[in-house]
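Hi everyone, thanks for coming.

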Amino acid sequence: MTNSNKPNVWFWVIAIIALLWNGMGVNQYIQQAYNTDAFKAMYPDEKVMEMIQNTPSWVMGAFAIAVFSGFIGCIFLLLRKKIAKPMFLISLVAIIIQMFYNVFMSGSMEVYGPGAVIMPIMVIGFALFILWYTKKSEANGWLS
């Protein structure tokens, strides 16, 4: 079954930006999970590196689910498939779990100060936006 209702140019722009954003998240996860030299170089402060390296496996699992389901959701969005919406919802739930730990349980406020909430707010905001936009795209008949 093919959907003949074609999306506007903004659909493609937003979907590609979302794919790039989630691709950066996948890269960040892989860098952190494998503790690469490039990852270590991003955090010269020993307190920060110690905090990051002590991240529990359940948080790393939430991180993996968040970035990979978001990336796969973007691929489905570009393919104009409705399955993008549940993938983005799974990603959002995993993001909230991960960010709850990062802000309230990891001690990041002591290390970074109030700035520790900036990135979590941005990530959650972007996830909410792309989920909302996918719902809007579905309502417009752009997804099948």
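How many helices and how many strands are there in the protein chain? The chain has 7 helices and 0 strands. Reading from the N terminus, the elements go α-α-α-α-α-α-α. Please keep in mind that this is a predicted model. As for overall dimensions, the C-alpha trace spans about 55 × 25 × 25 Å along its principal axes.

Let's talk about how some of these helices pack. Two packed helices are described by the angle between their axes and the distance between the axes. Take helix H5, residues 84-105, and helix H7, residues 118-139: they pack at an angle of about 165 degrees, and their axes are 10 Å apart. Angles over 145 degrees count as roughly antiparallel, so H5 is roughly antiparallel to H7. The crossing of H5 past H7 is left-handed.

Which residues meet there? On the H5 side we find, among them, Phe88, Leu92, Ile95 and Met99. On the H7 side the partners include Val123, Ala127, Leu131 and Glu138. Sorted by class, the residues of this contact between H5 and H7 are 14 nonpolar, 1 polar and 3 charged.

H7 also packs with helix H1. The axes of H1 and H7 cross at roughly 145 degrees and come within 11 Å. This crossing, too, is left-handed. From H1, the contact includes Trp10, Phe11 and Trp21, and from H7 it includes Phe126, Phe129 and Tyr133. The class count for H1 with H7 is 13 nonpolar, 1 polar and no charged residues.

Now, on to the largest pocket. Its volume is about 900 Å³, and 33 residues line it. Which of them lie nearest the centre? Those are Phe63, Gln98, Met99, Asn102 and Met119.

Where does the lining come from? H1 (9-33), H3 (46-53), H4 (57-78), H5, H6 (108-112) and H7 each supply at least two residues. H5 gives the largest share of the lining, with 7 residues. By class, the pocket lining has 22 nonpolar and 11 polar residues, and no charged ones.

That's my tour, and I'm happy to turn the model around for anyone who wants another look.

Note on methods: Residues numbered from 1 in each chain as written. Predicted model: local features only at pLDDT ≥ 70, side-chain atom pairs only at ≥ 80, totals over all residues. Heavy atoms only, no water. Axes fitted to C-alpha atoms, helices over the stretch in contact; angles between N-to-C directions. Helix = DSSP H or I, 4+ residues; strand = E, 2+ residues; numbered from the N terminus. Parallel < 35°, antiparallel > 145°, perpendicular 65-115°, else oblique. Left-handed = near helix turned anticlockwise from the far one by under 90°. Contact = heavy atoms within 4.5 Å. Nonpolar A, V, L, I, M, F, W, Y, C, P; charged D, E, K, R; others polar. 1 Å grid on protein atoms, 1.4 Å probe; cavity = no way out; pocket = protein on both sides within 12 Å on 5 of 7 lines; lining within 4 Å. Points joined across faces, edges and corners; volume = space filled by probe spheres on them.
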